[in-house]
Amino acid sequence: MAGSSLSGVVMSAQTVPMDTSQPGPVAQLENQVTKILEDALVTDAIEEVFAGFIVHSEEAEQRKMMSALDEFKRFWQGLSQDNQILVLQHYVKFVHMQKSSRRGRFLFDMLYIAIENQILPPRLVCECLLLSDELHYLSADKWNQSFSLIHRVIDRVDYKGCRDLFKIALEKVQIIPTTVTASSLRQLEMVTKLMTALLNRDNCLMPAYFAVNEIRKLYSEDKSLPHWSLGNLLSEFVDTFRTTAHMVSISGRPQLLPVVGHSGATGNAWKLDPATLRFPLKGLLPYDKELFEPQTGLLRYVLEQPYSRDMVCNMLGLNKQHKQRCEVLEEQLVDLIVIAMERSEHADTAVDDGGASQLLWQHLSSQLIFFVLFQFASFPHMVLSLHEKLVGRSLRKGRDHLMWVLLQFISGSIQKNPLSDFLPVMKLYDLLYPEKESIQVPDINKPQSTHAFAMTCIWIHLNKKAQNEDSKLQRPIPQALKSQLEFLQQSLRGGAKNLPMSDYRIAVLCNAYSTNTEFFGLPMGVLVETIYGSGKTTTPLPGPGSVVASGPTAPLPMNLLDSLTVHAKMSLIHSIVTRVIKLAQTKSNLALAPALVETYSRLLVYMEIESLGIKGFISQLLPNVFKSHAWGILHTLLEMFSYRLHHIQPHYRVQLLSHLHSLAAVPQTNQNQLHLCVESTALRLITGLGSAEVQPQLSRFLNDPKQILSVESEELNRALVLTLARAMHVTGSETLSGNWCKDILTTLMANTPHNWATHTLTCFPPALQQFFKQNPVQVENRLNLKKNVEDEFRKWKSMTNENETVQHFTIQGAPPLFLCLLWKMLLESDRISPVAVRIMERIGARSLTSHIRTFADFLVYEFSTSVGGQHVNRCIEILNDMIWKYNIVTLDRLILALAFPSFQAMRSHEGNEAQVCFFIIQLLLLKPSEFRNRVNDFVKENSPEHWLQTDWHSRHMNFHRRHPEQFYFEGLQELASGSRTSAQAYLPIYFGNVCLRFLPVFDIVIHRFLELPPVSKSLETLLDHLGGLYKFHDRPVTYLYNTLHYYEKRLRDRPALKRKLVAAVIGALKDIRQPGWCLSESYLKFITRPVDEISWVPDDTYYCKLIGRLVDNILYTYTSSQNRLKCRMCS
C-alpha cells in the first residue's frame, strides 16, 4: 500500500456521500474512529478544572497513547484498503476540529508513533494531511504540525511517493500570497524545511529531475514563483539544471537558419509546434528564454526560399493526406505578402520591371497555391487578414503584384468552389484601387503588363462564375477597369492574326479567359500552334536524313511562361501531354517539334503544376509512351530528364530509376541507341543523388531492393555503391551502423558480383569496407583470359561456315570475348569479314556491355605486357578507330568500363597494373584529337543556360553535322562490305551528344584518379584539356564539394592537385558567371599563382570575410532576377 500512488484514491474517497439520518458503513467507520480518538483524549473533571495548573507526567501520557494505539491498531487491521483511506481522512479531519493545541499535538504524535511502529503507511498519512481541505496557512498550529510530521517521516516514503507529495505540497503553497505578514513566516519556514529536505540531493529521496518537472509544470517561464522565501529555494534548484538544458539544446538555436534542401528537411532539427511556432523542447528543463519564443522569423525565412514547401510541411507536421488549417502558417503567408508590398513600394520600377520583384511575387503565388490547395490555409481568411493589415497604409505600387498572386489561385479553383469564397477580393480592390477614372492600359510589350491586368482578369473570372451560378454580382464593372476590359475584348475580336508572339497580349488573354471555354481557345490555340507547327514544314534532326521533326524550333520563352497563370500553364502542359500520347499511339514517323520538347521541359520546372507536370511525366506519360512502344518519344523524354530537368524532387528521380531498370530488361529496348540512353540516364540519376537524399530514398526499397538495382549492369551497381559511400561519409553517418543498406548490397552482389581495388576500398566508410571484405568474389586469372581469347581467335580463323560462326559467337552463354577478337583482327590487318558485322548485330546492346567489360580487362593485360612505344601507339590507334571510325563502341561506355572493370583492372590490379588502366584512359581521351576537338567545339559554341536560348536547336544541329554520331557499327560495316547503310532507324536526338554523355563518366574517372597518388600529374593533364566540360555540369559546386569532402585525406598533402581541381571546375563557368560568384578574391589570387607556389596560410581577416560572405548568402533574398531564375534551372 505504501508503494502505490493514492492521491487519486484519496480525492475520490472525499466525494463519498454521507447520510447522517441513518448511519451507513462510512458513517459507522467515522463513528468508530471518533470514539477511539475521544477515548484517547478523555479527561476527568479535575483535569478540566485545573487544566492550566496540572503538569502531566510523560509516563502517563505514554501509557495513554499506547493504549489508544493498541485499540486503533486492532481496528485498523480489520479494514480494507478503501476503508483505511476513509478512516485516515476522518482522523485528519478530527485533528483539525481540535481547538486545544495539546490535544492536536497528542494526535499528531500518535500518528508519528503509528508510523514508527509500522501500523500506518507513511505515504498515505502524508497524502491525507496535505490533501485535507482544512489545511490552511491561516490555521498556523495545524499547518505547522502537519508539515512538521511530514518532514519527520518523509525519509520513509518511496521515491515516487516523494514526487507525489512534493507536487501536492507545491500546489498547496499556491494559496499563500507572495506578500504576507510576519505572523505567517513560521508557516513558510515549515514548508521550506520540507521542500529543502525533498530537494537535497544528498538525502536521495527522489531523482532531481522529478522535482524540476513538477516545479516547471506549475511555474513556467511566464508564471511567477511563490513567496520569495520559498521562491529562492525553487529557483536555485531549477538553476542547477541550466547546464543540463544547454547540453540537450542547440546553442544559439533561434539564430540558426537552415539551408533549404541541404539541411535534413526530413529531420527533426527544425520542427516547430504548429499552434505556437515554438520549438518542441524535450523535458521541462530551464531552457534559455529565447527558446520559448515563437519562431516566426525562422518560418518566414524558410517560406521565402525556393523549393521549401516540403520543409515547411515537415517543420509544422503538416500531412497532405489530412486536411488541417494551420493558422500560424496562414498568418506568416499574409505577413510575407505585406512585406513584399513594402518592398515593391521602395523598389525602382524602371530597374525592376520584370525582374527580381516579379520573381518574388511568382514565388509567393506558388507557395499560396500549394498551401491553400491542400487546405493548410484558408483563402477567404487570408484575403480578409490582408485587408485588415493593409487598411490605413498607403501601399499602392505592389497592388498589381498582389492581385497577380490572388489571380493564380482564383483562376485555378473558382470553378470548383462557391463564388462567396472569392468575393472578399473585392474588399481589397476597393482599398487598393481608389481611382475614379479608368486605369490606363499598360505597355503590352513588357512582362509586367500581365500583373497590371491581374485585377481585370480577376473581375472577368468572378463575373463568369456568377453567370454559371445564375446569379449576378452586386456591383457593376468598376470604372477603373473599363479601359483594360475594352482592350481585352478588342484583342479577342481581332482574331489570331492580331495576336503576335512578340508581346504579352496572348498571355493576358489566357490569364483572363482560362475559365471561359468560348474565348480561351483563341489565345491558347496560338500558343499551341507556335510550338506544334502546322505539319507542313519539317526540320532535320541528328542522324541519317530520315530523322525529321515538325517544323518549329524556337520554344516559348521563359518570360512568357512566367507571365501565364498556373491555370493557363496547366492547360498548356495538358495539351502538350495529350498530343504526345496521341502521337505515341499513332506511331507517327514525324518526330516531335524541337519547340514543343523544349517548351515542355521548361514547363516541368514549375513546382505549382507538379500534378500535371513532373508527377504526370513519371506516372502517366512515360508508362503510356512505353505501352505504345513509341521508342523515339521515350528516347526524347529520357533526354529531357538528363539534360533539361535539374531540380526534380528525389523521390521522382528514384522512381524513374526504378522504371529504367525495368525498361532495360524489355526485349524491345535492346537496341544500341535506346539502351545507351537508358544506361546514361540511369547513371546520371544515381550519381546525381544528394548525400542527404540517399538514405531516405533508398530506405523506401529495403523490402524489395531489386527495384533500384540493375540486373545486368555492373557499372550502374558500382556507381550506386560509390554514391552510398559518398553519402555515408559526407552526412557523417559512416560512424553509424551500415546495416540499413545491407539488404541492398546483398542483392546488388547477387546481381553483379564484383570486388574493389584496395586503393578504392580504403576510401569507403568502415561499414562498406567490412561488407566487401566479408563478401569477396572469386575472379578469373588474367592468364586464363588471354588463353581464352587466343583459343576463340583460332576458332574464328578456322571456321568457314558463316551461319555456324554467327551461332558459335552469339549463342546464349558464349564467353563475351568478341570485342577482343575484333581488336586482334584489326591489329593483324585492316580487313574485317562481313560475318563480324552480323555477329555484332546479333549480340545486341544489352549483351554488348559485358563484351565491353571483358574487353576493358583484356586491354589492361595487353598494355601491361606490351613492350615498346610503337606497339602502344598502334594499340591506341586501333582503339581510337574502334570508337570513332568503325563505330563499334562509344567512348563514354568504354571509359566507364575501364573505370569500373570487370575483374582484373583497377579492382584486383594493384600498383603498376592499376596505373596501366589510368594510362589507357588518358591516352584514349587525349592522344587522338577526335574527342578533344569535340569538347573544344562544344564548350566554345554553346552555353549551359538553355532557358535563355531560342536557337539551341540550330547550335545542336551544327555540332552534330560537324561531329556526327553513329550507333549501329556503320564504320565497321563499310570496312567489311563498303556500305555504311544501317537497317536500324535512328531515334530523334534533341539535346544529347558524346560530350554531355561523358560528363557523369568524367566525374567517376576523376575520383578513381584521386585514389592513386602516382597518377596525379595525369589527372592534372586531363583537367587542363577536358575541365571545360564542367561548364555544362548539372551540379558543379555540389560535385566539387563532395569530392573535396570525400577525398580530404587523399588531397590533404596534395595542395597543387586540389588547387587544380577547384580551378578547373569553377573556372569552367567563368564565361557565364560573374567574377567571385563562388570563390573569394583571395582564393582567386591563389589560383593564379605559378604552379610551384602552393604554400598559402590565410590570416584571420580571410576567415572573417569568408564567414561574412556565408552569412550574406544565407540571408540573400530576391536581389538578382538572373540568379533567382538560375536557381530553378540549375545547381
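Colleague: Why is Leu-1051 called buried?

Modeller: Leu-1051 has a relative accessible area of 1%, and the term buried is used under 20%, exposed over 50% and partly exposed in between, with a 1.4 Å probe and protein chains only, so Leu-1051 counts as buried. This is a predicted model, in which local features need a pLDDT of at least 70 and side-chain atom pairs count only at pLDDT 80 or more, while totals for chains, interfaces and linings use all residues. Residues are numbered from 1 along each chain as its sequence is written, and side-chain values use heavy atoms, with hydrogens and water left out.

Colleague: What makes a residue a contact of Leu-1051, and which residues are in contact with Leu-1051?

Modeller: A contact means heavy atoms within 4.5 Å, and, leaving aside neighbours within four places in sequence, Leu-1051 is in contact with Leu-1010, Leu-1044, Leu-1057 and Lys-1058. Leu-1051 itself belongs to helix H52 (residues 1048-1051), where helices are DSSP runs of H or I of at least four residues, strands are runs of E of at least two, and both are numbered from the N terminus.

Colleague: How do you know whether His-851 is buried or exposed?

Modeller: The relative accessibility of His-851 is 6%, and therefore His-851 counts as buried. His-851 is found in helix H42 (residues 834-864), and, not counting residues up to four places away in sequence, His-851 touches Pro-815, Pro-816, Leu-817, Phe-818, Leu-819 and Ile-843.

Colleague: What makes Glu-189 and Arg-186 a salt bridge?

Modeller: The term requires a side-chain nitrogen of Lys or Arg within 4 Å of a carboxyl oxygen of Asp or Glu, and the closest N and O atoms of Glu-189 and Arg-186 are 3.2 Å apart, so the pair is a salt bridge. In general, side chains of opposite charge can pair when their charged atoms come close. Here the two residues are three apart in helix H10 (residues 185-199), which means that about one helical turn separates them. Glu-189 is partly exposed at 46% relative accessibility, and Arg-186 is partly exposed at 43%.

Colleague: How do you know that Glu-828 and Lys-797 link distant parts of the chain?

Modeller: Their side chains meet in a salt bridge at 3.2 Å, N to O. Glu-828 lies in helix H41 (residues 818-828) and Lys-797 in helix H39 (residues 782-798), 31 residues apart, so that the pair links distant parts of the chain. Glu-828, with a relative accessible area of 52%, is exposed. By the same rule, the count of salt bridges comes to 44.

Colleague: How do you know what confidence the predictor has in the chain?

Modeller: The pLDDT is the predictor's confidence in each residue, from 0 to 100, and the chain averages 86, with 91% of the residues scoring at least 70. Over residues 902-909, however, the pLDDT stays under 50, and the model has 42 contacts beyond four places in sequence for this stretch.
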